[in-house]
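Please find below a short report on a structural model. The sequence and coordinates come before the text.

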Amino acid sequence: MTIDERQRESARPLRPGEGGRAPVVAGGVSFKSVTRHISGIVLEPNVPLFWFAAFLVAVAALCVLAAAIAILLDVGAGTMGNNIPVAWAFPIANYVWWIEIAVGGSLLSSILHLANQSWRNSINRLAEAVTLSGIACAGLFPILHLGRAWILYWTVPYPNTMIIQPNFRSPLVWDVFGIATYGTASVLFWYFDMIPDLASLRDRAASRSAYVVYGVLALGWRGASRHWRLQEKASRLLAGILTPLVFTIHTVVSFDFAISLLPGWHSTIFPPYFVDGAILAGISMVTMMAISLRAHFNLKDVITERHLDNLSKVILTTSVILAYVYVFDPFTSWYSGDRYEMCLVYNRGFGPFAWTFWTFIVLGLGIPQLLWWKVNRTHPKRLFVIALLIVIGMWEERYMLMVTTLSRDFMPSSWANFAATAEDNALLYGSIGLFLVSFLFLTRMLPMISLYEVRELLPFSKPGGGSVK
Amino acid sequence: MITTAPRPYGIAAEFEDAGQLVAAAKAAHAAGYRRFEGYSPYPIKELSEVIKGWDLLSPIVFFAGVAGAFTGFYMQYFIAAAVYPTNISGKPLNSWQMFTVITFEMAVLFAVVATFFGALFFFGFPAIYHPLFRIPGFKRVSEDGFFLCIEARDGKFHPASTAHFLRSLEPVKVWEVDSE
């Protein structure tokens, strides 16, 4: 079979009943076309209007965030709605939600890398951009929630004249180390994997400034086979180290809750339940971003229906696991015979915050079930709406976890409800602006698709596969 | 000795595709050359089997991880049990079960940093300039170019015979590369 025949073969529409799965990379893609297209997005000022519109909205939201932070630091934590007993509300719900979104990206970049899932090659870089942007937002909220954000460094052990040190038996201190490690590891992994693609940008750069910037960032990459061998080895090592880290990061977040003694939080199911929810929310966010970029930057050849289908299946699987948790959590409460636990289960379903619970049940558990139908898994617009609703539902779930437990603890005399203030809302919507600015910036200034990993997927990349020049 | 002629870095040849590059590397190895390197836009497993690399990355990462775990645990033990002993709900001062999380995080942090900088060390990076960058068209190595370069430090290297050998492999083109 010649190359022409092979390319025609892979480009041919599938006949009914023939496998029925779209290819990972569409036919007709060559080394040159993929390199020129992806590096062109970065190097040629031919950006779609969509990008500017989205960036403008995101920057506006980011300004709202900046103003909200300024007010918070100037006036004080009282501008937020949290108070005793609901001391953890929006900021911690936002924090957990953003970490979830970051963890979903890491799943694609490290766990599926280790599992040799080559379909993730073309959405890997995009998922990492979601991870980094998510971590940036997540890291913000615990700091703002401190009340006195300027003494953040007290959470870090360092020799000081106060002779005071952090309490290492507290999960909140574990979080400091967890997030710092996760952020550092994600940035290093992301940059390391990108070095060969930065060289592609360097070699295509038309302007002197782009040549110098990408040339310095590429560190002198020249595609030597000894370098490729080491690059693959180091990349696999990083993926191997990050895999347990990805699971532990959300486990540690869940410890913030599980190690307390409050009903609804004090439960051994929390670590797996949090990790599963994280994958559900994170992959939904990656799916939304992939669908948007695919449509507006014309990436349908490298982000195919196969990717949408596979991402949908991950969403569906994790939603079913989450449903299992929501069946067994009330069962455990009932089986424990603990009246406070049972009261909490009742309050979730029928208490003052019942609407948050039922919103989550519909959006987070009900909506994903639409993905049992293939027509929803491969239809970009429908899938986008489904993923968006899931992401909203997962925020609702985190909010529900905070308020249902904290507003109704052991003594009815200390019960109090929570109402979000304008400050709370400004911080939440502003952080979405921060996420989008960061994501749009990363995908516009750096290759949004991993070029060398896509080249590896092309049929003629293997020796004996022929040439396409 | 002062010479005016530039020292050669090696002789490079460009090939059509991955298959030709791997075949050329095998031929160069069979002809007795040892100091040569293939350049490609993506990793080619078969090429790495001919051109064998060497590094100590795995042991470095392992020991960095162990060092991180020790650092993490000792930091907590030192602070919680010696420098700043605090009674937290009657738990023993060395409540090591509670120290496992940060011990793990520190092990991961050290291992990741060691992998990153260890890999850069064995790459020899940063090395912004390289003699091969002077080949016109070498830019295609990050797109669809496949190159093989036999280096001058190879004992069997000879400007004329090596160039002749490379031409016999039917490349697209052959270049002499100066090291300056």
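The notes below cover the basis of the model, a surface patch and a sheet.

## Basis

This is a predicted model, in which local features need pLDDT of at least 70, side-chain atom pairs count only at pLDDT 80 or more, and totals for chains, interfaces and linings use all residues. Residues are numbered from 1 along each chain as its sequence is written, chains are lettered from A and ligands numbered from 1 in the order in which they are written, and side-chain values use heavy atoms, with hydrogens and water left out.

## Nonpolar patch in chain A

A:Tyr324, A:Val327, A:Phe328, A:Phe331, A:Trp334, A:Tyr335 and A:Met342 make up a nonpolar surface patch with about 790 Å² of accessible area together. Accessible areas come from the Shrake-Rupley method with a 1.4 Å probe, and for residues only the protein chains shown count as cover. Patch residues have over 30% relative accessible area and no salt bridge, and nonpolar side chains (Val, Leu, Ile, Met, Phe, Trp, Tyr) are joined within 5 Å, like charges within 9 Å. A salt bridge is a side-chain nitrogen of Lys or Arg within 4 Å of a carboxyl oxygen of Asp or Glu.

Helix 10 (residues 305-336) of chain A supplies the largest share of the patch, six residues. Helices (H or I, at least four residues) and strands (E, at least two) are DSSP runs, numbered from the N terminus.

## Sheet in chain B

Four strands of chain B form an open antiparallel sheet in the order 2-3-1-4. Its edge strands are strand 2 (36-39) and strand 4 (173-178) of chain B, each pairing on one side only; pairing requires at least two DSSP bridges between two strands.

Six bridges join strand 1 (residues 8-15) of chain B to strand 4 of chain B. B:Glu14 has B:Lys173 in strand 4 of chain B as its bridge partner.
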